[in-house]
Amino acid sequence: MKRSRRSQTMKHAAPLLAALMLAACSQSEPQPADNDLSAAQNAADSAEPMMMTNLMREPILPENESAANVLAPTNSAQAAGEASADRLQPIVYNDIESLGLLGPGCSFHAEQPDATLAIVTNDAEGAVKIDDDFRKLTARKAGEEYVTRGPILEGEEALVIVTRSEGAGRLIGIDTRGWPASMRVAIGDRAERTYQGEWQCGA
């Protein structure tokens, strides 16, 4: 009988012991202090406006677009305008006639643009065109041999150096020949440029 009562007592006490043990474990786990909770909340609140500020500062760019192209279109356009202003302009037949440069001599025909950019007679007189204005040039030597070989032309704040390939060149028409050539141009304070094309000489 004593064993039976003891067993029943232990049976009824087991749930109470389990509850006490669970409560003790809960109390033993560290709980965040009120100050820690407040600090964490404040950090979260301050982080949100900072994120919004960063998003506002960083532009959303189109796909495959760089920030430089988006933020500085005016500067790019200005640079392009300045670059085009440094380039020689085409010389046409009426220009040659008005300058009095008709006759035997040579001309530089560029690949880009597809046009005549310089002309010089065998008498050593030549010209280029830039900013809608003609710059008169003079070859260092006169004569067909020097001019045909690729001359150095000089003028007021201008220097033009023509370098052509060797050989007999290709025949153009009846009495004109052409050689692959390059032409360096320096005029005033403009950027020096080198053009690729053909040096064409004839009557």
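Strands (E, at least two residues) and helices (H or I, at least four) are DSSP runs, numbered from the N terminus.

## Basis and confidence of the model

This is a predicted model, in which local features need pLDDT of at least 70 and side-chain atom pairs count only at pLDDT 80 or more, while totals for chains, interfaces and linings use all residues. Residues are numbered from 1 along each chain as its sequence is written, and side-chain values use heavy atoms, with hydrogens and water left out.

The term pLDDT denotes the predictor's confidence in each residue, from 0 to 100. The protein chain averages a pLDDT of 73, and 58% of the residues score at least 70. Where pLDDT is low, the predicted coordinates should not be read in detail.

## Strand S6 and its partners

Strand S5 (residues 152-155) is joined to S6 by four bridges, and the two run antiparallel; strands pair if DSSP finds at least two bridges between them. Leu153 has Val160 in S6 as its bridge partner. S5 and S6 form a hairpin with two residues between them, and Glu157 in the turn has a positive phi of about 50 degrees.

S6 is also joined to S8 by seven bridges, again antiparallel. In this pairing Val162 stands opposite Met183. Strand S8 covers residues 176-187 and includes Thr176, which is buried because its relative accessible area is 18%.

A disulfide is a covalent bond between the sulfur atoms of two cysteines; here the criterion is a pair of cysteine sulfur atoms within 2.5 Å. One disulfide is found in the whole structure. Cys106 and Cys201 form it, with sulfur atoms 2.0 Å apart. Cys106 lies in strand S1 (residues 105-110) and Cys201 in strand S9 (residues 193-202), so the pair ties together parts that are 95 residues apart in sequence. The torsion about the S-S bond is about 115 degrees, and the disulfide is therefore right-handed. Both Cys106 and Cys201 are buried.

S1 is largely enclosed by the rest of the structure, because five of its six residues are buried. S1 and S9 pair in the antiparallel sense over six bridges, with Phe108 opposite Trp199. Six bridges also join S1 to strand S2 (residues 115-121), which runs antiparallel to S1. His109 stands opposite Thr116 in S2, and S1 and S2 form a hairpin with four residues between them.

## Around Thr148 and Arg164

Thr148 belongs to helix H6 (residues 144-149) and is buried, with a relative accessible area of 15%. Not counting residues up to four places away in sequence, Thr148 touches Cys106, Arg164, Trp179, Trp199 and Cys201. Thr148 and Arg164 are 16 residues apart in sequence and 9.1 Å apart in space, C-alpha to C-alpha.

The charged end of Arg164 sits over the ring of Trp179, 4.1 Å from its centre. This description applies if NZ of Lys or CZ of Arg is within 6 Å of the ring centre and within 35 degrees of the ring normal.

Conventions:
Buried < 20%, exposed > 50% of the residue type's maximum accessible area, 1.4 Å probe, protein only. Contact = heavy atoms within 4.5 Å.
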